[in-house]
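Here are a few friendly notes to read alongside the model. Keep the 3D view open and find each spot as you go.

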Amino acid sequence: MLAVQTRRLGKTFRTGDLDVPVLHEVDLAVPRGAFVSLMGPSGSGKSTLLHLVGLLDTPTVGGVRLMGRDTRRLDADGRARARRDLVGFVFQSFHLVPSASALENVMLPMAFAGVSRHKRKKRAEALLEEVGLTDRVKHKPNELSGGQKQRVAIARALALDPPIILADEPTGNLDSKTSREVMTLFSRLHGEGRTIVQVTHDEEMARYGDRIIDIRDGRIVQERDRTGLVRRVRPTAEATDGPTTALGQVADVRLKREGVRP
Amino acid sequence: MRSLWTHKTRSLLTILGVVIGIGSVLAVVTLGASFEESVVSQFDAFDQRSVFVMANDGSTPHGPPDPGQFGLIFTEIDRQALAAMSGVERVLAEGKVPVAGLAYGEMESPYKELSAVDLAAQVLAAERFASGGVFMSGEEEAVLGATVAERLGGGTAVEIGSEIGLRYPDGTLRTVTVTGVLADQEGVFEEADGQVYVPLEPFYTTMRKSPSTAEEVRVYSALTVLVGDPRDVVQVRDRIEAHMQDESDASRLLVGSTEILVMTPGDITDQISAAFAQITTFIGAIAVVSLLVGAIGIANIMLVSVAERTREIGVMKAIGALDRDVRSLFLFEAVLVGLLGSLLGIGLGLGGGAMLVRFLFETTVTLPWDWLVVSVGVGVFVGGLAGYLPARRATKIDPVLALARE
Ligand SMILES: Nc1ncnc2c1ncn2[C@@H]1O[C@H](COP(=O)(O)OP(=O)(O)OP(=O)(O)O)[C@@H](O)[C@H]1O
Ligand SMILES: [Mg+2]
């Protein structure tokens with residue numbers, strides 16, 4: 001079963017009288033337990049895609065399936081519930097609630113899900129221990145380093161034990177050492193069977209994933225594995241510097257790495 | 001919740017409208033309840049079988065009865081007519097005896113009028129005595145109010161059994177024996193403190209020509225009808241009322257805007273309640289405006305709070321908050337503000353009301369419990385009302401845009 005599947009996903013933003021098409025016919029398929037890195041130039045639509053997949057935003061065309069469930073017919077509440085139960089978000093700027101302690105931040109999603117206070121506290125403590133922050137439980141976000149904040153955010157994303165973790169440039173604000181620590185944490189979660197989709201600009205971080213998907217101008221242009229082996233190429237009118245094959249056709253072609261780098 | 005504390009001054013200013021609205025109503029209501037309760041508790045000492053017949057200056061319908069000369073209209077004929085009614089056990093009369101002064105030992109001080117009453121035991125109930133007891137009808141005896149007794153005695157109350165002199169306007173002096181001194185009275189009965197009570201017999205001699213019999217008969221300023229069975233009080237009152245208004249000497253002796261009042265203790269408390277209800281309605285109208293202003297204030301502050309926390313709301317939605325979670329968060333906060341306002345208002349209103357009660361009536365404070373509950377309810381309601389729009393706005397926030405904000 002696929003954890004994430006999008007069908008001809010398209011998103012067009014409307015600013016004033018101007019239509020800004022951002023995503024075009026994106027067919028994304030993330031198997032259960034996969035660790036996928038989305039890469040692409042700034043403005044190519046990676047965040048937008050992640051928001052659509054996480055049901056934070058609604059597509060203009062096409063639809064999203066999460067854990068096999070079609071989400072197209074869900075109302076706002078249904079989408080919020082699906083998001084709550086299936087997805088854990090991690091952001092570049094952490095987005096912790098500043099007035100709440102690390103523990104309270106991790107407890108928050110469970111409060112929305114109606115978990116009892118006692119259980120919330122116990123689970124939050126266990127999660128913070130899991131990310132190595134046992135001694136920072138009572139700290140407020142502004143008393144934590146960037147890496148610590150991101151680990152709190154990851155613990156929070158795990159609070160309701162969602163099968164899918166969506167991370168938008170989780171190491172974007174971190175130095176390379178801390179970035180590696182966060183990626184190691186992701187690898188561990190991946191090893192425990194969780195599905196992870198991350199957006200990153202950093203090739204090194206991308207390669208912690210078992211698959212890298214390159215996006216350009218709102219289209220998936222290719223998928224490759226860790227070694228750079230191209231597994232699937234999607235030529236488009238705008239981005240056809242790679243080998244040209246029929247749409248959706250699978251082609252195992254070894255590319256020069258420079259050629260596919262954003 | 002936390003933002004309430006981080007913006008203490010802001011929150012405090014916001015709830016001022018609610019505090020003032022609820023506080024002012026509660027102050028008045030406390031005043032009313034305390035006054036009413038003090039009156040009711042005084043009447044408890046009276047016989048609940050009483051019906052009071054008195055004259056009142058019509059220009060002040062809610063003012064205290066005026067037993068002045070306009071009120072000297074209840075003739076002995078009226079008294080006997082009421083005494084003959086079925087259900088009536090007895091009719092007590094009272095009137096004023098004009099004097100020039102009171103003498104005790106060497107001292108003589110000016111004094112205006114004595115209160116002549118009959119069957120003193122009924123009116124001056126035993127527990128109201130500080131010392132001694134009632135006088136006997138027909139005897140040269142008197143009962144002194146607390147203040148008079150003290151003033152005559154030069155600081156300490158006149159002793160029971162001592163003699164005081166009554167100086168009449170024509171200069172004659174009449175000596176009476178003090179049989180009792182009343183305890184200090186409170187509230188509406190405070191005027192008893194300054195009274196000198198003597199038996200109708202032999203002190204009361206005021207006469208008037210009866211319109212019905214054309215005879216010179218005694219005339220009184222008030223009558224108290226004792227009903228045999230307490231359950232008949234209202235019925236008897238209605239009969240007395242009908243008789244007094246249409247057939248009595250009093251109805252023919254009425255002058256000007258003076259009117260005859262026939263009231264049970266219950267009627268009197270009802271009248272006081274009605275008067276306070278009027279004031280409460282008036283203050284209530286002001287309070288509504290104040291609450292409205294308060295609600296707008298709360299709504300405004302909540303809107304600011306929603307705007308300030310847009311990103312936080314976006315985060316909450318991203319990590320699993322449903323619309324109703326977001327909504328209840330802000331509704332809860334608004335309700336809390338309203339509740340806080342009402343609690344402060346209750347404190348202020350009760351405090352202010354209690355102070356006024358002490359100051360104006362010198363009686364004990366009675367808490368208007370029902371109004372406390374209403375106040376808390378109003379606070380919660382106003383908060384909820386004010387929070388509705390901001391809460392709605394919070395749910396409408398687009399998480400993607402909110403998260404993109406820096
Ligand atoms: N709410 C919006 N209204 C209008 N245009 C938008 C909106 N959100 C995103 N866009 C546009 O969509 C395009 C893709 O944005 P997106 O944030 O998905 O890019 P990205 O690949 O995540 O870029 P980056 O690497 O810089 O984060 C951009 O051109 C952006 O200006
Ligand atoms: Mg982005």
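1. Start with the shell around ligand 1: its largest share, three residues, comes from H1(A). This is a predicted model, so please read every value below as computed from it. The shell sorts by class into eight polar, four nonpolar and two charged residues.

2. Now look at who sits around the ligand. In total 14 residues surround ligand 1, and the closest are A:Ser42, A:Gly43, A:Lys46, A:Ser47 and A:Thr48. Although these closest residues belong to chain A, ligand 1 itself lies between chains A and B.

3. For A:Gly45, pick the backbone, where a polar atom is 3.0 Å from a ligand 1 oxygen. A:Ser44 also uses a polar backbone atom, at 3.3 Å from an oxygen atom of ligand 1.

4. How much of ligand 1 does the protein bury? Taken alone, the ligand exposes 640 Å², and 66% of that is buried by the protein. Two elements of chain A, strand E1 (2-15) and helix H1 (46-53), each give two or more residues to the shell around ligand 1.

5. Next, step back to the two chains. On the chain B side, 19 residues are in contact with 21 residues of chain A. Together the chains bury about 1,800 Å² between them, with 61% of it on carbon and sulfur atoms.

6. How many salt bridges does the rule find across the interface of chain B and chain A? The count is zero. For polar contacts, the count between chain B and chain A is two residue pairs, both at pLDDT 80 or more.

7. H11(B) gives the largest share, six residues. By class, this side of chain B holds nine nonpolar, nine charged and one polar residue.

8. Finally, two backbone details deserve a look. In chain B, the peptide bond from B:Glu201 to B:Pro202 is cis, with omega near 5°. You will find B:Pro202 in helix H7 (residues 200-203) of chain B. In chain A, A:Glu169 has a positive phi, near 45°, and is a residue other than glycine. Look for A:Glu169 in the loop between strand E8 (164-168) and helix H6 (176-191) of chain A.

Methods:
Residues are numbered from 1 along each chain as its sequence is written. Chains are lettered from A and ligands numbered from 1 in the order in which they are written. This is a predicted model: local features need pLDDT of at least 70, side-chain atom pairs count only at pLDDT 80 or more; totals for chains, interfaces and linings use all residues. Side-chain values use heavy atoms; hydrogens and water are left out. Contact means heavy atoms within 4.5 Å. Buried area is the accessible area (1.4 Å probe) that two parts lose on being put together, summed over both. A salt bridge is a side-chain nitrogen of Lys or Arg within 4 Å of a carboxyl oxygen of Asp or Glu. A polar contact is a pair of N or O atoms within 3.5 Å; within protein, one must be able to donate a hydrogen and the other to accept it, and residues adjacent in sequence count only if both atoms are side-chain atoms. Helices (H or I, at least four residues) and strands (E, at least two) are DSSP runs, numbered from the N terminus. Ala, Val, Leu, Ile, Met, Phe, Trp, Tyr, Cys and Pro count as nonpolar, Asp, Glu, Lys and Arg as charged, and the others, Gly among them, as polar. A residue is near a molecule or strand if one of its heavy atoms lies within 4 Å of it. Accessible areas come from the Shrake-Rupley method with a 1.4 Å probe; for residues, only the protein chains shown count as cover.
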